[in-house]
Amino acid sequence: MTDPFVHVDDVAKRWKGQLGVEGITLSIPRGSFVALLGPSGCGKSTTLRLLSGLELPDEGRIHIDGRDVTTAAPSERNLSMVFQSYALFPHLSVAENVVFGLKVRRVGAAERREKLRRALEITGLLGYEARKPGELSGGQRQRVALARAIVANQPLCLMDEPLSNLDAKLRASVRKDIKKLQVDLGITVIYVTHDQTEAMSMADMVVLMKDGHIQQTGAPEDLYYRPANTFVAEFVGAPPMALLDGAAVPGFERAAKVGLRAESLRVAEAGQGRLTCRVSECEFLGSETFVGLTHPAANGLTVSMPGLKHIPPGEKLEIDFADEDLHFFDAKGNRVGHPDTATA
Amino acid sequence: MSGLSRHIETLSALLLAVIWISPLVFAFWAAFHTTSDAVSFDLTAPWTLDNFRIAWAGAPWLQYFLNTFLLVTIILIGQFIVTTLAGFAFAQVRFPGRDVVFILVLMQLFILPEVLIVENYVMVSRLGLFDTLLGVGMPYMASAFGIFLMRQAFKGVPIELHEAARVEGCGWFGILWRVYVPLARPTYLAYALVSVSTHWNNFLWPLIVTNSPDTRPLTVGLSIFAAPENGVDISVISAATMMSVAPLLIAFLVFQRQFVQAFLRAGIK
């Protein structure tokens, strides 16, 4: 295995004693799509800004492409960036916005024209060269920001919630476009988002953060099937994983918490289930209905039932599940292989 | 009730406008009539251009126009350079004591330029700039008002644009030139308007620091032309005054709409 393309080693950043991020260690292979995921204020944007050089870390080293860039200026890091607000220059036309960086770096006019044409072609913006950003729709502005990010062929592209200003429908289609772009160009993308659907569907590697610390790093399926702690379990997946007190699950009393995904639950005949709950609400999604359940020792229990179901709230429902679908966590919330090791 | 009050408002506005413009209208009237006709307000009196002919021959006006034009240009260029750099530093560069220095600069707003006339005179003489256009313009280049205006305009620029320019490889000067200056264009226009009209009309300081027709601006030239020892001919003086204010007046009338918009836009930001 070759050296990672981006290597972040134990980086920390604090503001006037307040914690920004701490102990951030990441190894990102070349050509991968990495999502920094987490709730707002978790430090994912700070991590991105540290990578871009817009902020400098208080501790730790950052290497990009084998070069130590810990204190290098943003322009020396061979990267491009897409901002949440797109940061298009309102006084420049689309074409001027896209070639802004090339002009600053004194790329020749002929080469500039060629790269501009290619970038606009890829992003489907041919014909809009002379427009000002103010005359474009949100989706078009977003594409201009993308075109500006890819025009210089930088091997690393940082994106800070680039889809958060788009409506839901557009977001889904641009998501596919960005993923395709990344694969076609073979660039490495580090993508900040608070939307787990975006992270799970686009990324090769998800970095889930909370309160300035990385909670888990891994492929989307790792986070979903093997959450490292209860925070990851409850953050990833829709609906999130339900957590039960171990004491409430017969046979697994020794685990502090037991996790269960909605798809592992089945509604059982009366008297046959392992847990008896009450229905709290029904959420109809078309092909299935999520039935929310309450149980004194459980949090976030949801069972998925096919088709449309109307169950009056308060009604008793028994549920069943298989032992191999259970996830176990110790008292600190960390994942353990088997309940018996939890107390060890 | 509201109809009546609206009428009163309109009428008072009209009254104020008439009072305000009447000296200009009278000067205009007098400039095109003989002195006796001008004073007697004979509306049927014949119009004449003789006053302009006499006034034009009486002083090196072309030189004065050129001086004033050069003077306001030099001041404006100097002000743009100084206020841009200082405004940017106060808005976006972090350095120790920034706020204290900025307050010191703002204090300048409280001091009337006339108070400093002697001090400025000494300084300009010491620099060897007495009786030069640069000497006339120099005390106004570091304008506190301009620095304040530019700082506010630059503070209104979204920080993402600054950061995007940094990522794209711009240095401090590149960011200033390619991002901040173009975005502050309405402010520059509004400021230029104020600066040009102020210095076109400025009188006291140029009177003191100029000594020859080669450097004298229009206002000083006009006052010497109209001095009582030359004999007071109200029509000829009016004609000369009309000539002095004409370029600025015409420019204002032609670009009125753009000027008002520039002010609005600079204000909204």
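Two strands pair if DSSP finds at least two bridges between them; strands themselves are DSSP runs of E with at least two residues, and helices are runs of H or I with at least four, both numbered from the N terminus. In this predicted model, local features need pLDDT of at least 70 and side-chain atom pairs count only at pLDDT 80 or more, while totals for chains, interfaces and linings use all residues. Residues are numbered from 1 along each chain as its sequence is written, and chains are lettered from A and ligands numbered from 1 in the order in which they are written.

Chain A has an open sheet of 6 strands with mixed pairing, in the order E6-E7-E8-E3-E9-E10. Strand E6 (79–82) and strand E10 (213–218) of chain A are at the edges with a single partner strand each, so one side of each has no neighbour in the sheet. From one strand to the next the twist averages 15 degrees. E6(A) pairs with strand E7 (residues 156–160) of chain A in the parallel sense, over 4 bridges. Within this pair, Val82(A) has Met159(A) in E7(A) as its bridge partner.

## Strand E11 and its partners

Strand E11 (residues 242–245) of chain A runs antiparallel to strand E12 (residues 257–260) of chain A, and 4 bridges join them. Opposite Ala242(A) stands Leu260(A) in E12(A).

E11(A) also pairs with strand E16 (residues 298–299) of chain A, in the antiparallel sense and over 2 bridges. Here Leu244(A) has Ala298(A) in E16(A) as its bridge partner.

## Two helices of chain B

Helix H9 (residues 159–167) and helix H10 (residues 172–183) of chain B pack at an angle of about 125 degrees, with their axes 10 Å apart. Axes are lines fitted to C-alpha atoms, for helices over the stretch in contact, and angles run from 0 to 180 degrees between N-to-C directions. That angle makes H9(B) oblique to H10(B) (under 35 degrees is roughly parallel, over 145 roughly antiparallel, 65 to 115 roughly perpendicular, and the rest oblique).

In H9(B), Leu161(B), His162(B), Ala165(B) and Arg166(B) meet Gly174(B), Ile175(B), Arg178(B) and Val179(B) in H10(B) (contact: C-beta atoms, placed from the backbone, within 7 Å).

## Where the chains touch

The contact takes 15 residues from chain A and 14 residues from chain B. On the chain B side, H9 and H10 are the elements that give two or more residues. H9(B) gives the most to this side, with 6 residues.

Terms used: Two residues are in contact if their C-beta atoms, placed from the backbone, lie within 7 Å.
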